[in-house]
Amino acid sequence: MVNENQASTSSSAFSFISKGLQGVRDSADADLQLMRDRANSFKNLATSFDRELENFFNSASTSFSVPAIRSTPPPTEIDFVKRLQPKFSEFRRAYSSPNFSKKVLEKWSPRTRIRIDLSAIRNAIVSEVDDGDGTINFDRVRRRNMVKFREFWGEWKGEGGEEAQSARDWEPVRALKTRLKEFERRSSSAEIFGGFKKSEFVEKVKSSLKALCKEPEESKEVPPLDVTELLAYLVRQSGPILGVRRDICDKIVESLCSKRKSQLLLHSASAGESSVLGNDNINDELDLRIASVLQSTGHCYEGGFWKDHAKHDPSDGKRHVAIVTTASLPWLTGTAVNPLFRAAYLAQSAKQNVTLLVPWLCKSDQEIVYPNNLIFSSPEEQEIYIRNWLEERIGFKADFKISFYPGKFSKERRSIIPTGDTSQFISSKDADIAILEEPEHLNWYHHGRRWTDKFNHVVGIVHTNYLEYIKREKNGALQAFFVKHINNWVTRAYCHKVLRLSAATQDLPKSVVCNVHGVNPKFLKIGERVAAERELGQQAFSKGAYFLGKMVWAKGYKELIDLLARNKSDLYGFKLDVFGNGEDAHEVQSTAKRLDLNLNFQKGRDHADDSLHGYKVFINPSVSDVLCTATAEALAMGKFVVCADHPSNEFFRSFPNCLTYKTSEDFVAKVKEALANEPHPLTPEQRYNLSWEAATQRFINYSELERFLNNNEAGAKGSSRRNDGNIIKKSASLPSLTEMVDGGLAFAHYSLTGNEFLRLCTGAIPKTRDYDKQHCKDLNLLPPQVENPIYGW
């Protein structure tokens, strides 16, 4: 019984052990299969690495060339292979352990990473060996590379020989060692780095480095400024500030620079260089001389304290001209008519876009200013009237824009005063060139952005001799003194260039005298018709003398009545027809009637009216005009003109039909001469000089617009072309004391005109610093802010 129990127990134990061994065997087989899968995975990884390494070697052999690297005995054993090969004893202990599967899975888990340090390969392949002369010693490169290979990989050949070692190597490792031996054999030839020194890549690198380090071949030494040149520049800059006359400053500058100029010309001729001093203007020569010295030092002046650099850039190749005037049709005054013709003839050229900015008056002011009860309910309606009037006279369709700014009529000054900031009605994209018709008038109470800050070039055209008008008023001498200096102040602060129609106006800063006005083409056609009738033997003039002008004392009526009253006996039987309307009409007519003068007063008419064609003599004794438009129109129609010997008539003296007088006796003689003779027919040259085409060309020349309109690159403001073709930008190099002072004057003017009390003390219309609600309604404007920081200082 006991034996049976023992046998049963042994059988059960043997069965249990058998089942345990079978489980262990199955588990071991599974673990071995997992190990084989991991080995295959590593084999694939090594194969991929071998392929990438081969691609790298192939690309290196085609891109670079280096002297052959001598081969060294191949290493025989790889250190990291030893670390990867599992030892048999460790494997048996791990296999016999009951936790074999757990340990194998932990050791060969996918989370385990094989880390191979490739820094030695990198250091072996790429090492910088810099000799003292800046060249690479490739022999040293080869020796150091081979040493590092041996240090990293060890000896490949063991005691048992290469074959025995290869048998022990893992297959992926054998493939890797084979590729490395091939690389070492190829490195001993000139196949990889043979032509490195002559490769295109190296040549490009060399040329780039030479270009970076290359010194300018054409750099020339510019002689430094001497004491006389610095003194001359200081005299020229400080002259306007100290009140020294321009001609005196020019003479001092010329005397200081003449000796230095001769030395520079001699130096340039001996050195074979092109002289910077290429013109006869001593001011331009001095500017270019200083600019060339500053340019040679690399200095670039960016502007004064108040300079604004964000100005219009003509990217479309066309310039933009904004013409701002103080009057508008149907008020037939010079500042309404002449700017309108200027806009039309400037717009004829495709080189620039033109905008005419005219004042808009509310209905209450229109009733006072505009003749024949003309009232406009909207700016669009007035624009249609202006364009129709213009096209009837010029004979072509003028392509320019008309805009309006708010204005109010001053009865005391008998003129329109702008309200608010007039410059804001020209958009920033069109703010390029500004033409201010009557710049002093526009800026007396201007409280807004500085014109020269917003526009690249600002030209002022002086129409009116305000000092002459003011002297006729009460306390006129004192008022004229203040107005003279205010005019100097505002024109200097807000203009780059000022054109005076005649020398009758005050001498303003930055100004020149030039007649830039023409006559309506309609008057030239009348003159041509009169000349044709005279050639056919017909009588062109059937009437005597006349006078036409706005009926105010300052427009020549005082002088006319004085001359006729003083020479009543000498001009017995002389009859004069007078055409005009105005505020002083009643007083003028009463005075003429009281003095028993033979004057026939009639309502004002357009000078081109058919009823005026038959008159032969136009009499204009006015000395308050700057350039009388009616005088030019009478000459264009082929009439005689009797006028005073005055600077305002200087332009007309070259015409044979212009008869000037100096005394009252001379006046009588000229009137009789004109009545007794026939006018001379105008020559083609004389007709052209009176035309708007000629006036526009004179304006472009004298206002310095030609360099802006014709050449955007070399004609930029302040630049000049040397004889060698290079351009020197004076404005970008020369700091100007005058510009800094002008900016300070503009800032002071802005501060004063912002105070309502000071505005009223100087005669401004109340509440004209900003436009009112009626202007907002008429012009569709937003209400002005109480505090509007529009002046960008």
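This is a short tour of the aromatic rings in the structure, one selection at a time. Keep in mind that the model is predicted.

**Getting started.** Across the model, the count comes to 20 aromatic pairs. A pair of aromatic rings is described by the distance of the centres and the angle of the planes.

**Stop one: Y345 and F396.** Select these two and show their side chains. Their rings form an edge-to-face pair, 5.6 Å centre to centre, with 80 degrees between the planes. Y345 is buried, at a relative accessible area of 7%, whereas F396 is partly exposed, at 22% relative accessibility.

**Stop two: F547 and F618.** Select this pair next. The ring centres are 6.3 Å apart and the planes are at 20 degrees, so these two are stacked. F547 comes from strand β9 (residues 543-548) and F618 from strand β12 (residues 615-620), so the pair ties together parts that are 71 residues apart in sequence. F547 is buried, at 1% relative accessibility, and F618 is buried too, at 0%.

**Last stop: arginines over rings.** Select R342 and F699: R342 lies over the face of F699, 5.4 Å from the ring centre. Then move to R413, which lies over the face of W444 at 5.3 Å from the ring centre.

Key: Residues numbered from 1 in each chain as written. Predicted model: local features only at pLDDT ≥ 70, side-chain atom pairs only at ≥ 80, totals over all residues. Heavy atoms only, no water. Phe/Tyr/Trp six-rings, centres within 6.5 Å; stacked < 30°, edge-to-face > 60°. Buried < 20%, exposed > 50% of the residue type's maximum accessible area, 1.4 Å probe, protein only. Helix = DSSP H or I, 4+ residues; strand = E, 2+ residues; numbered from the N terminus. Lys NZ or Arg CZ within 6 Å of the ring centre and 35° of its normal.
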